[in-house]
Amino acid sequence: MTGENRIDKLRKLSRQTYLHNRKRKKLSSLEDELRDYVYIFEGVKLTQAEERELSYKKEIYELAKEHFVEENTDEYKMPDAYDIDGAINQEKRFSVANRRRRDTEAVEMMKFFAELDAWEEHQKGKSTLKFGSQDGKNAAEDYNYVFEDQIDFVQLSGIDEEPSEAESGSISRGLMEERKTLPIYSFRDELLHAVNDHQVIIIEGETGCGKTTQLPQYLHEAGYTKQGMIACTQPRRVAAMSVAARVSHEMGVKLGHEVGYSIRFEDCTSEKTVIKYMTDGMLLREFLGEPNLSSYSVVMVDEAHERTLSTDILFGLVKDIARSRKDFKLIVSSATLDAVKFSEFFDGAPIFRIPGHRFPVVPYYTRVPEADYIGAAISTVLKIHVTEPLGDILLFLTGQEEIESVDGMLKERTRGFGTKIAELIICPIFANLPTELQAKIFEPTPEGARKVVLATNIAETSLTINGIKYVVDPGFCKTKSYNPRTGMESLVVNPISRASANQRAGRAGRTGPGKCFRLYTEYSYKHELEDNAVPEIQRTNLANVVLTLKSLGIHDLVNFDFMDPPPSEALLRALEQLFALNALNAKGELTKTGRRMAEFPLDPMLSKMVVASDKYKCSEEIVTIAAMLSVGNTIFYCPKDKQVHADNARMNFNPGNGDHIALLNVYNAWKEMEYSTQWCYENYVQVRSMKRAHDIRDQLEGLLQRVQIDIRSNPSDLDATKKAIASGFFPHAAKLRKDGSYRTLKNPQTVYIHPSSGVVRVHPRWLVYNELVLTTKEYMRQVTDIKPEWLVEIAPHYYHLKDVDDPAIKKMPRGQGKPALWQWNSQIKMGRVGMR
DNA sequence: GAGCACTGC
């Protein structure tokens with residue numbers, strides 16, 4: 001090494017020392033900034049922007065801290081800035097090994113802080129720095145860490161990320177390097193040519209091939225974003241968020257600038273945004289405001305094989321756009337073998353197959369069909385635990401009840417073994433499990449122990465658990481189906497599809513080779529299971545779909561280009577219902593009410609209720625009820641062991657005024673307690689559901705202004721609120737019969753009040769219900785008593801006086817129709833009700 | 001006096 005070279009090198013090193021010191025200062029100032037921020041906002045409810053800012057600050061600080069390791073400071077004191085002579089002297093005293101170590105350190109530090117600078121520049125909005133182009137290799141390594149940290153952070157804040165769809169492969173080290181090792185990279189040019197030559201292409205790529213993160217970037221690099229944005233739709237919110245975060249890191253831009261995401265309640269985009277990840281439902285909503293999607297040049301429908309309601313509708317709509325806009329490009333990406341079907345639907349669009357890198361999973365089948373799959377599942381889990389090498393187990397079950405009982409049985413069975421076998425940690429997970437208990441499955445398994453995760457379908461697509469090596473698949477799941485003739489929903493246990501079986505098995509091969517124990521025969525797998533599950537559009541109430549399509553100006557629904565058309569009976573039923581609600585006129589066109597209703601992201605009967613609240617001057621109350629109802633029946637948490645308490649708590653909100661008013665009471669009580677989490681625990685109310693209701697309520701309130709409905713409250717007049725409810729739900733009216741059952745007025749059938757209802761013993765003579773579910777009986781869930789004359793008053797086109805004429809009313813003994821409510825209340829307070 | 005698969009707007 002010549003002297004000059006040596007000095008150059010030292011000069012460089014000394015500059016790095018200077019940098020190091022500067023960065024150290026920066027680190028401490030970051031720390032101060034963060035501390036201030038936390039301090040200022042302590043105890044204050046943050047706005048979304050503040051929340052984002054805070055998490056950004058935390059992220060930056062954590063990153064800086066993580067990488068700012070001052071190792072070897074004892075042996076090596078950093079020379080002062082620009083002190084070249086000092087540096088040379090220091091240098092002389094150093095051994096080769098130490099020098100090398102320090103060199104590496106310095107280079108790494110440099111890389112990291114170069115990145116930190118870039119981030120900061122962005123924060124100030126001063127410049128755009130793209131690592132992909134010039135300094136890719138250097139920046140790359142640390143970006144890898146950035147992502148890992150990011151995910152940790154996401155997990156810590158309780159968000160279940162979905163890295164498998166985000167192509168989280170951490171096999172290679174450098175970021176640019178990593179991008180290049182993704183299977184999709186070798187198809188880059190080919191894909192770009194194909195997109196150039198064809199308007200629609202189908203991508204069939206396995207998990208981990210890089211399609212979700214890379215393709216939009218390739219298109220951006222190729223200049224497609226000059227004419228408009230690239231949209232990439234995801235079926236789930238977290239996926240949209242985490243993929244957007246990943247891509248913004250890869251591109252070296254701040255999330256929300258060039259790369260952003262848009263989901264309900266949260267729009268993280270700006271005027272700069274060119275790549276936009278969004279939920280499919282969100283793109284559908286955007287159609288309403290921009291029917292030809294003119295601000296987009298490319299739409300990529302990702303995870304199309306999941307066939308959500310929204311993707312299925314999007315298919316028909318974007319196919320139409322592709323015909324009218326020649327500059328528009330469409331990419332449909334799917335993971336399974338039904339790409340041919342997509343291609344046929346899109347007039348023979350070319351298909352690209354991109355391999356993924358996944359570890360092999362060996363399937364095992366039972367020799368004969370299992371009669372008792374629960375028993376079989378438990379013995380399989382125990383067998384794995386005793387005979388197979390360490391690695392966590394994932395067992396798929398159908399619901400909460402099953403999970404809880406298997407949990408108990410496994411605990412009992414393992415107790416007998418004592419210390420003869422390794423510890424088996426049992427982790428239940430299902431969507432209704434409170435978040436703090438859900439977090440348990442992400443805790444790493446202790447040395448020498450084994451974890452068994454008992455999960456519903458939630459683990460099939462929505463969340464990924466690392467370290468799973470064995471999957472036990474009994475082959476069943478619960479699915480919702482809808483009978484358009486009776487308007488009844490039911491939740492039944494069905495065999496899964498082959499696609500699901502493969503998806504479940506794949507969960508064992510994420511971090512290494514795995515095994516999948518299927519509790520059915522190979523013959524069943526090959527010949528009895530359906531290829532794919534029935535798409536949602538064929539087994540759901542279509543009222544909302546029809547309203548959306550109508551407000552897009554699509555009138556001929558029977559000939560709408562559905563990939564799998566829904567049963568025509570379901571379409572007719574939906575049209576009928578919208579007509580009854582006065583959302584459509586006799587010609588099938590939207591009315592003014594219908595247009596207002598379409599603004600709300602609610603089921604049509606709920607949105608009708610909201611629109612009608614204007615007339616009864618109780619929009620404040622109705623919006624709360626609508627928000628609570630659209631959260632679903634997960635407001636109350638009911639652990640098995642505390643059922644009595646939970647039941648009592650629930651009944652306290654229901655002084656016999658009907659379940660809708662009870663929901664209103666719950667919300668208002670929570671509001672009164674300043675949205676306290678503690679209050680929720682005390683009253684067996686799910687915190688998560690309440691927060692969600694709060695968000696929905698805010699959104700609905702905003703939309704009320706949009707359709708010019710004033711927010712007015714009328715707390716003293718319950719009848720007004722009930723009338724507004726009836727204005728939406730009058731098609732769901734039922735009348736008491738002598739034996740305590742009910743008869744629905746239209747499409748007469750015998751139904752019962754659900755036992756969880758607060759008025760199950762009150763037996764109101766007339767009522768409206770929110771939904772009809774078929775379980776052990778035909779149950780009405782969420783009911784409210786009404787006066788029969790309201791029906792004629794509210795819906796004279798639907799009910800006539802003779803429908804509500806009620807000769808039985810005179811024959812009823814006094815008090816039967818209207819029991820003493822105070823008595824009911826006192827029973828609740830004394831804790832008698834709910835006990836047996 | 002019974003039961004809540006999972007998403008999404």
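Arg236 sits in the loop between strand 2 (229-234) and helix 9; helices (H or I, at least four residues) and strands (E, at least two) are DSSP runs, numbered from the N terminus. This is a predicted model, in which local features need pLDDT of at least 70 and side-chain atom pairs count only at pLDDT 80 or more, while totals for chains, interfaces and linings use all residues. Residues are numbered from 1 along each chain as its sequence is written, chains are lettered from A and ligands numbered from 1 in the order in which they are written, and side-chain values use heavy atoms, with hydrogens and water left out.

Is Arg236 buried or exposed? Arg236 counts as buried because its relative accessibility is 17%, where buried means under 20% relative accessible area, exposed over 50%, and partly exposed in between (1.4 Å probe, protein chains only). Leaving aside neighbours within four places in sequence, Arg236 is in contact (heavy atoms within 4.5 Å) with Thr279, Glu306, Thr461 and Ser462.

Next, helix 9, residues 237-251. Twelve of its 15 residues are buried, among them Arg246, His249 and Glu250. Just after helix 9, Gly252 has a positive phi of about 70°.

Now the charged pairs. A salt bridge here is a side-chain nitrogen of Lys or Arg within 4 Å of a carboxyl oxygen of Asp or Glu, and by that rule the count is 32. Arg246 and Glu250 belong to a network of salt bridges that also links Arg179, Arg188, Asp189 and Glu221. Within it, Arg188 pairs with Glu221, the closest N and O atoms being 2.5 Å apart. Arg188 is in helix 7 (residues 188-197) and Glu221 in helix 8 (residues 211-221), 33 residues apart.

Asp564 forms a salt bridge with Arg307, with closest N and O atoms 2.7 Å apart. Asp564 lies in the loop between helix 19 (543-551) and helix 20 (568-580), and Arg307 in the loop between strand 6 (296-301) and helix 11 (309-324), so the pair ties together parts 257 residues apart in sequence. Asp564 is buried at 14% relative accessible area, and Arg307 is buried at 8%.

Last, confidence. Chain A averages a pLDDT (the predictor's confidence in each residue, from 0 to 100) of 79, and 76% of the residues score at least 70. Confidence is lowest in helix 5 (residues 136-156), at a mean of 26, and highest in strand 5 (residues 275-279), at 95.

Key
Expected span 1.5 Å × (residues − 1).
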